[in-house]
Amino acid sequence: MPLPATDRVLLGPGPSFIPPRVLRALSAPVLSHLDPDFLPLMDDVRALLQRVFRADSRSLTIAVSGTGTSAMEAAVANVVSEGMRGVVIVTGYFGDRLAQIFERYGARVRRIEVEWGRAVDPQRLRDELSREGADVVGMVHAETSTGVRNPVKELAAVAREKGALTIVDTVTSLGGHEVDLAGWNVDVAYSCAQKCIGAPSGVAPLAISGPARERLVRCRSFYLDVKLLEDYWVGRKYHHTMCSSLIYALREALLMVEEEGLEERYARHERHHRALVEGLTAMGLSLLPPEGERLWTLNTVRVPAGVDEAAIRRTLLTAYNIEIGAGLGPLAGRIWRVGLMGASSTPETVLQFLAALESALAVHGHRVPNGAGVAAAGAALRPSMAGA
Ligand SMILES: *Cc1c(COP(=O)(O)O)cnc(C)c1O
């Protein structure tokens with residue numbers, strides 16, 4: 001099997017494009033996990049993660065060896081134990097996965113189920129916690145299956161008021177939407193490398209607040225035990241053989257996030273999301289979530305009546321080298337998922353996607369106004385192009 005010969009245009013739910021600088025970092029010589037030249041790079045990653053999460057100085061910020069799901073499991077495994085009362089907000093596929101992991105670690109879980117495509121109303125959490133308390137509340141900030149952003153700031157405030165710890169999934173928001181663990185009083189948060197951060201999957205950011213560090217439970221998993229991981233990251237004691245290449249890449253990607261600036265990065269993701277929405281609207285297409293609940297990083301587009309969802313995705317891939325995602329669960333066949341994350345959130349990806357989508361729709365017999373998507377998105381992008 002030959003290696004890929006072209007740059008696939010990665011506009012799915014992750015992974016996103018990896019900037020050339022990060023690819024070069026990956027090819028630096030391997031160092032061992034306790035090499036004196038390697039340890040300062042891990043310290044850099046801890047400090048960079050603290051800043052991108054906006055966590056305070058009492059927090060522990062590390063990267064778990066594994067994909068986002070490994071950090072998700074680490075978050076739960078160190079905070080949840082047999083018999084604990086858990087409340088999990090389920091607004092889509094990843095909320096459901098979080099609830100399942102709570103259950104595997106023995107929590108008695110009450111789910112707050114929300115229609116797929118809508119954000120949760122914080123009043124529902126307040127009502128649930130007033131009815132019966134909870135030890136831990138789990139929630140997904142950016143629900144990648146539906147394109148919805150949940151109001152974590154408000155939800156975390158309710159949980160804090162009611163004395164529950166919070167676990168927040170920031171896999172599709174960190175580096176693309178505002179995340180402010182200290183400002184929002186979030187206890188535990190996790191993310192991944194391959195969505196809005198711009199490194200390959202395989203190491204996953206995890207943040208544990210000062211108060212949460214006092215309340216860690218005896219972790220049933222050896223590999224994911226935060227105390228053992230801290231002994232390695234901070235105490236320099238062998239636990240597992242960290243992949244140095246992935247740390248180089250994550251560090252480089254986080255440095256790029258910092259050079260761009262968090263506020264500017266959020267603004268870039270918003271700008272390209274808005275241009276995409278203008279283009280889609282001009283083509284007669286619509287998004288699943290209502291305005292105000294939408295992610296900038298992952299756009300869920302309704303498949304028009306009579307159009308074969310999978311056929312369009314296939315044409316985009318084979319004729320235009322563009323990857324987008326399919327709907328999951330109840331949304332299978334009904335939506336496309338278009339990711340504009342990290343280095344994949346650019347003016348050129350927006351225009352390229354809209355042009356290719358118009359053509360793919362035409363190939364399959366669905367006509368839209370000629371060039372309307374590109375024209376509308378181009379007009380939306382123009383103010384930010386002054387001087388370019
Ligand atoms: C992608 C994703 C995950 C899982 O991450 P992996 O890297 O695929 O393990 C978890 N939560 C959300 C919200 C995601 O989008």
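This is a predicted model: local features need pLDDT of at least 70, side-chain atom pairs count only at pLDDT 80 or more; totals for chains, interfaces and linings use all residues.
Residues are numbered from 1 along each chain as its sequence is written, and side-chain values use heavy atoms, with hydrogens and water left out.

**The Gly371 loop**
- Gly371 sits in the loop between helix 13 (347–363) and helix 14 (372–381); helices here are DSSP runs of H or I with at least four residues, strands are E runs of at least two, and both are numbered from the N terminus.
- Twelve residues separate Gly371 from Ser359 along the chain, and their C-alpha atoms are 9.6 Å apart.

**Around the ligand**
- The residues around the ligand include Thr67, Gly68, Phe94, Asp169, Thr172 and Lys195 (a heavy atom within 4 Å counts).
- By class, that shell has four nonpolar, six polar and two charged residues; Ala, Val, Leu, Ile, Met, Phe, Trp, Tyr, Cys and Pro count as nonpolar, Asp, Glu, Lys and Arg as charged, and the others, Gly among them, as polar.
- A polar side-chain atom of Asp169 is 2.7 Å from a ligand nitrogen, while a backbone N or O atom of Gly68 is 2.8 Å from a ligand oxygen.
- Thr172 has a side-chain N or O atom 3.1 Å from an oxygen atom of the ligand (polar contacts are pairs of N or O atoms within 3.5 Å).
- Of the 380 Å² of accessible area that the ligand has on its own, the protein covers 89% (Shrake-Rupley method, 1.4 Å probe).

**Helix 9 (residues 226–233)**
- Val226, Leu229, Tyr232 and Trp233 are the buried residues to look for in helix 9.
- Seen down the axis, these buried residues fall within an arc of 115 degrees, so they line one face of helix 9 (the arc is taken from the directions from the helix axis to the C-beta atoms).
- Their cover includes helix 2 (39–53), strand 2 (60–66), strand 10 (202–208) and helix 10 (244–260), with contact meaning heavy atoms within 4.5 Å.
- At the N-terminal end, Asp225 caps helix 9, with a side-chain oxygen 2.9 Å from the backbone nitrogen of Lys227.

**Helix 6 (residues 152–161)**
- In helix 6, Val152, Leu155, Ala156, Val158 and Ala159 are buried.
- They cover an arc of only 160 degrees around the axis, which puts them on the same side of helix 6.
- After helix 6 comes Gly163, with a positive phi near 80 degrees.

Conventions. A polar contact is a pair of N or O atoms within 3.5 Å; within protein, one must be able to donate a hydrogen and the other to accept it, and residues adjacent in sequence count only if both atoms are side-chain atoms. Buried means under 20% relative accessible area, exposed over 50%, partly exposed in between (1.4 Å probe, protein chains only).
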